[in-house]
Amino acid sequence: MIQKFVEDLTERIDLVLIAEYFDESLIMLKRELCWDLDDVVYFRFHQRGQDYKEKNITEKMNLQIIKWNKADWDLYQHFNRTLWEKISKEGLHFQDEVKELRRKIWTLEKQCISSMQVSEKTGELETILSSEIPAYNRYLCRKMTMSEKEYIAYLKEKLSSKLKRRGAV
């Protein structure tokens, strides 16, 4: 039953992003959608600070978790494997693009972020923007620190403006 579900999903979904290989996943997404690198550059949000991460999971506990979550584990294994199959067909420059993405993220983090601190309420890292962002990156830095709700509103406004300019609305 799980295998049939995985096969059905594979027919309908072209790409699944894998968290452990997020940069590689984003480069695949960039290539499949013909996007630019700036379209996939990101800052890490909603990430737990080290003090909030469980560190004492034994091998026995890990195996039990996999057993309890067999369907999820099978899905993960399948789409992780298919991601790497796709990557293997992308050629020599794929890893160069991954390195370029990581370099750009590192550069933007240095230019945009003054500090990151762990929220006492949620245990998540909070990003504090620098007050001295270079003018050429100010827009990108602000956009990258928007919440999901703000970013969706931004995308809706951007689409609405484009449609109005084209006379479609």
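Predicted model: local features only at pLDDT ≥ 70, side-chain atom pairs only at ≥ 80, totals over all residues.

Analyst: Residues are numbered from 1 along each chain as its sequence is written, and side-chain values use heavy atoms, with hydrogens and water left out.

User: What counts as a pocket, and how much space lies in the largest pocket?

Analyst: On a 1 Å grid over the protein atoms alone, a pocket is an open set of points where a 1.4 Å probe fits, with protein on both sides within 12 Å along at least five of seven lines, and lining residues have an atom within 4 Å of a point. A volume is the space filled by probe spheres set on the points, and the largest pocket holds about 1,000 Å³.

User: Which residues lie nearest the centre of the largest pocket?

Analyst: Of its 31 lining residues, Val 41, Tyr 42, Lys 143, Met 144 and Tyr 151 lie nearest the centre. Helices are DSSP runs of H or I with at least four residues, numbered from the N terminus, and α7 gives the largest share of this lining, eight residues.

User: Is Asp 23 buried or exposed?

Analyst: Buried means under 20% relative accessible area and exposed over 50%, with partly exposed in between (1.4 Å probe, protein chains only), so Asp 23, at 7%, counts as buried. Asp 23 is placed in helix α2, and, leaving aside neighbours within four places in sequence, its contacts (heavy atoms within 4.5 Å) include Tyr 42 and Arg 102.

Conventions:
Helix = DSSP H or I, 4+ residues; strand = E, 2+ residues; numbered from the N terminus.
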